[in-house]
Amino acid sequence: MTACKIKTLNNNTRMSTQELLQTINKKIEEGITEFEIEACGQHDIGGSVWSKSGKNITFKITNPGQRVGAMAMDGTKIIVEGSAPADVGWLNSGAEIIVKGDGGDTTAHCAAGGKIYIGGRTGTRSGALMKHDPRFEAPEFWVLKNTGSFSFEFMGGGIAVICGYECDDIPSILGNRSCVGMVGGTVYVRGNVDGLAECVQKVKLDKFDKDFLKSGLDNFLKEIGREELKETLSDFTNWMKIIPLPKALKEKNITVKEFKDTQWFTDGLFGDLVEDNGEVFALSQAGDARLRKPVWDKAKCIRCNLCVKNCPQNAINEDYNVTDNRCIGCGICSAVCPKSAWTMV
Amino acid sequence: MCRIGAIKSKNKLHPSIALKLMRSQQEGHDDSGFAFVMQDLGGIFESYKDLPLLSMAATVEGTRLAEDILRESGFSRVMQWTPNINNEKGLKIDAMPNYIFEVLQYPKSYKHATEEEKEELLINTSIELRNALEKTNSGYIYSFWPDTLTLKEIGSPKDIGTYFDLWNENKDLASGIITAQCRQNTNYDIVRYAAHPFFLEGYTVLVNGENTFYEKNKYYQQKLYKGYLGFESDSQCLLYTLHYVHKILKWPLQYFKHTITPLEYDDIIKRDNREILLRIKASLSHLEVNGPNTMLAVTPDKELLCVCDSKKLRPVVVGRNKDMVIMTSEVAGLNDLMPDRDFRQDIYPTERETIVVKKDLTVERWQQ
Amino acid sequence: MAAVKVNELRKSDLPWIIEYDESKCIQCGKCTAACSFNAIMPCVEERKSNSITAPRKTEKVLVIKQNISLDNYCRGCGMCSNVCPNGAIKAVRNKDDKYSVVYRAEKADSFKKGGRSNLNTEGRTLDKIKIGRISQMTDPSLDAQRHTFELRTPLGRVLKADKLNFGHNGEALYETTPLPPNRWIYPIIFGDMSIGAVSWRMWEAMAIATAYLNEVMGIPLRMCTGEGGIPTKLLKSRYVKYMILQIASGHFGWNRIIKAMPDMTEDPAGILIKIGQGAKPGDGGLLQASKVARYVQEIRGVPKADLLSPPTHQGLYSIEESVQKMFLSMNAAFNFRVPVAIKVAASVTSVSVYNNLLRDPYNIVGGFFLDGLAAGTGAAHEISLNHTGHPITSKLRDCYLAAVHQGRQGEIPLFAGGGLGQTGSFAADAFKLICLGANGVFTGSTLLEVAGCVGSDTGKCNACNTGFCPAGIAAQDDRLVKRLDVDKVAQNLVNYILATDIELKKLMAPIGCSSLPVGRSDALITVDKHISDRLDIQYGC
């Protein structure tokens, strides 16, 4: 079967996105599964289509607009010659999307399945919120060069591979502040990475990683037509992976108490001026913490023992001596004394 | 969302290229207007580069009013160009009665005047014209400056192109720099002044953005310079800031980015020039721009400029071949106009870059 | 028992009545031991059985009673209930309170208290303002967690760009003239409470929290010392760079600061000249001799006596005078390296003062702190606290708009304080004032609340002036001060600022602001038309 060719610009009249997408859908209903589209910035090409027969649908596109392959499905293959603007593969749930040039901002945003291959670079917030539905295969997102800043924010799952090709002069191939809020998945990177979020860690590749990259690179480079780079990219010395930092490993700040004990003035700010060993008094406490103390006037005392009997702290002995570290200064002795022999001072 | 574009070319280009640049980006705008500024003029304006060119749209009354003001100020008309109006039925355009593009000679008393004195006269006359037209609701002055032509209209870009016969290339109308936008300002009232690009004294600015610091900017700018009048769009603030930093303060262009999106303190203190950057951050804090913005600009030196907000929220890409550099919102526009360029040379500005297209079309990337 | 006479102080005159449930009391004595006001005491009561037929026989029982005294009376602090194991005792507000009338009648003296005004007859302006400009499709809301936010503001004189006199060599700018000092600080300042007004433990806790926030959390918060001297070891330490040293009319402790200068390794964050206080504008300070503990004498360099801060600086008699004398001298003291700001009580005249300062030709005015009517204080005459002053919000706005009118906003950073967080939303209050034009805010009362102050704006406790602060915050008596747990207070202050930091970001994010929204009044709306007109913000209904 020959491919259906659609040209979207005639003189100065441009086919709108609606017209183009409806045309494509109509052709698919007619059984057509191969498209060659000369686009003029139309959005959403290749997204959410399927054939009743279950046959794969293929799009070859030049000059698409935003959201190429948005919400695309298993069985769809999209090849963009050259670059595509923002949102390539947004919410991709199974398609294979190949952009031979660059991708715009938020490429692979929310991708949950399939494979997205970018033969150039991608923009800010790429791979943000990628996720892996455990019932299906994890999404893959391959980029030959680099991504813009703020990429892989809130990434929950899936695999991204950023090859850093021809990016030696860039301080960070993931831009700045990437992987903020990343809780799952893996980002493989080759080259300089700087300004990462605090919630992730850089880890060396293990055998499993290398095997995955080796086999994946073959297909990726073939699809973007850069097989000559296989050798360069298969040198794993400059690769690493970025994964979420387990909560337990997150750096904990010292407490204020620890700060005070280790860095503050050893005897406190006022240590040379007040006597203060740091003890914290309870609201009613015996000893020095007492707001008032009982004083016994021997001359007035008739030895009735009411104070001794009523003292809630058993702080007064039979000789009317007060045990300071028992007495809280409540004043009950003074209250019950018929002769006012106890004064609170 | 707006879609914007700026083209700088070795060869003088007809404005139809602006319509074509915007065509593939149509889903990104709302078909509500079309405006462009041409600088470094060729065609029939080639030999009048040093003389001020007035671009305005007015009613019959407004036209007369403007002529009176210009005559009284001592200006005399040297030449006039009238677009070839194609008023076919069904065009979606909200046209004005008259479109005036005329080259004027300075008053005789300015024969030996300095450039500064001439510039002063032009801005004062522009203000007078604008105020007079506004008072009588009889028209709009878009630019009054040498080597600069501005057209703005409300309606569908495609139909505006047809109305002014801009789809058909001809040699009359051509320039080395064209900046264009396909949209009216739909956040606020549809006002012709609110349409990008904005022009002031050789500076042109067009923005795809939302300046959330609009009120703050405006409060500060309205006292800074008499020429900062017109706050119909929050993006005009960026024009005034560029003009203030570069023309009034006479600071190098690099500091524009430091003004609108200053680095955070923690980044600044790592820099050698931290003292300067902190002063700028403090003194010009009311000119900071928050919110998503991509700005394209032209300077009086005929250089192009591109900067983005500090989170790089809006799209932009720079493409080039040996004859031309184009900055535009989406790569689709580049693909249309330069399908054969080496797309690996495309530049996607980051949140901390200023992209400058020099006179000789070399492209520089300045890191903030 | 003595006969009760009509003209004597009655229990029913007191502001708080002790409710005591004898059946629950186990006579443990904790309540009376805990009461710092000596307002309750154990008493023996004589009781008779209810029976009218039984022979008349009385018995004596031990109960807790309230003191009926002008000096030792219940402030409602509630410490008795806190310690009671059985909930047998509590203080209940007396709605027929006549205490302050009797006090004046008996003492021929004005009534004094601490805390804030208790005359809250109207709703707060700040509570009638909402953040109403939320980014909804116009521009993306930021994410409080994902995006980076910068909460820093300059303290120090900011010059208009054309006055910076930068030179350039084609590409780079460079300075050609010395410029006034600027510090980039967190927009919240721990507000000036002196050593003496608060206890050493409270003061140290604030200082530790400040140092910790800076050095561990990277939050550049500054603490204003208040005017009560500063421990020499702090002056000589690195931590002094987080401190804004205050000079008020008493100049307490300043000779010690001057003597310490040769040994200081860091400059302080700033100097704050205190002219007045929002809680009691036009009224000076008084630290009663009873609170002038030995260490206070040592730090302030004074003998034990009533310490008076007069309502004016004796040497200043005009705004110009103050600029030339006070600002110049304080700038000179640290060789023009340290920003010098001024704090005044909000007043009808605030704009005149601000305008004068803006026109200062020497660029030595580095900040304008406006303290509003609802501010708190350690001690004030009730008449001042309740009836003098100006609400902060409109006056802050007036000053900002006066600067806008001249195209000079931001040149002298504005800081606002006075009653922030009064209704529990400190971050929101701070945010709104910043949107109205403040570069930052300062607070004292909030810190006291975090530290465990038991007082309220409806007459609970408010005894900061007495030295009997039951929480050990405003006390100087060892036994009360040591109730305060320095480590816990410092940690709580830190936590509170961390929480506030999150909350400020939670307000910045929806308006799409990643830097401090100084002057972003477009983000605010009010449901009150008068407020809308007065503050020039949108009315929403």
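Is the passage of H9(C) past H11(C) a left-handed or a right-handed crossing? H9(C) goes past H11(C) in a right-handed crossing; by the convention here, a crossing is left-handed if the near helix is turned anticlockwise from the far one by less than a right angle, and right-handed if clockwise.

**Before you zoom in.** What you have is a predicted model, where local features need pLDDT of at least 70, side-chain atom pairs count only at pLDDT 80 or more, and totals for chains, interfaces and linings use all residues. Residues are numbered from 1 along each chain as its sequence is written, while chains are lettered from A and ligands numbered from 1 in the order in which they are written. The model scores ipTM 0.93 and pTM 0.95. Chain C averages a pLDDT of 93, and 99% of its residues score at least 70 (pLDDT is the predictor's confidence in each residue, from 0 to 100).

**View 1. Helix H9 (residues 350-358) and helix H11 (residues 392-405) of chain C cross at roughly 35°.** Their axes come within 9 Å. Axes are lines fitted to C-alpha atoms, for helices over the stretch in contact, and angles run from 0 to 180 degrees between N-to-C directions. Helices (H or I, at least four residues) and strands (E, at least two) are DSSP runs, numbered from the N terminus. From H9(C), the contact uses Ser350(C), Val351(C), Tyr354(C), Asn355(C) and Leu358(C); H11(C) answers with Lys395(C), Asp398(C), Cys399(C), Ala402(C) and Ala403(C). Two residues are in contact if their C-beta atoms, placed from the backbone, lie within 7 Å. Sort the residues of this contact by class and you get 6 nonpolar, 2 polar and 2 charged. Here Ala, Val, Leu, Ile, Met, Phe, Trp, Tyr, Cys and Pro count as nonpolar, Asp, Glu, Lys and Arg as charged, and the others, Gly among them, as polar.

**View 2. An open sheet in chain B has 4 strands in the order E4-E6-E3-E7.** The pairing is antiparallel, and two strands pair if DSSP finds at least two bridges between them. Strand E4 (76-81) and strand E7 (139-146) of chain B are at the edges with a single partner strand each, so one side of each has no neighbour in the sheet. From one strand to the next, the twist averages 25°. Strand E3 (residues 52-58) and strand E6 (residues 98-105) of chain B run antiparallel and are joined by 6 bridges. Look for Ala57(B), which sits opposite Tyr99(B) in E6(B). Helix H3 (residues 115-135) of chain B packs on the sheet, where it touches E3 and E7 of chain B, and its direction makes about 170° with that of E7(B).

**View 3. Strand E1 (residues 4-13) of chain B pairs with E9(B) in the antiparallel sense over 6 bridges.** Ala6(B) is opposite Thr179(B) in E9(B). E1(B) also pairs with strand E15 (residues 324-328) of chain B, again in the antiparallel sense, over 5 bridges. There, Gly5(B) has Thr328(B) as its bridge partner.

View 4. Most residues other than glycine have a negative phi, and most peptide bonds are trans. Pro197(B) belongs to the loop between strand E9 (175-181) and strand E10 (198-200) of chain B.

**View 5. Chain C meets chain A through 42 residues from chain C and 37 residues from chain A.** Several elements of chain C each supply at least two residues to its side, including helix H1 (30-34), strand E2 (40-48) and helix H15 (486-508). H4(C) gives the most, with 6 residues. By class, the chain C side has 24 nonpolar, 8 polar and 10 charged residues.

**View 6. Chain C is assigned domain 1 (11-109) and domain 2 (126-539).** Domain bounds come from an automatic or database domain assignment. The two domain centres, taken over C-alpha atoms, are separated by 41 Å. In the contact, 9 residues of domain 1 of chain C meet 10 residues of domain 2 of chain C.
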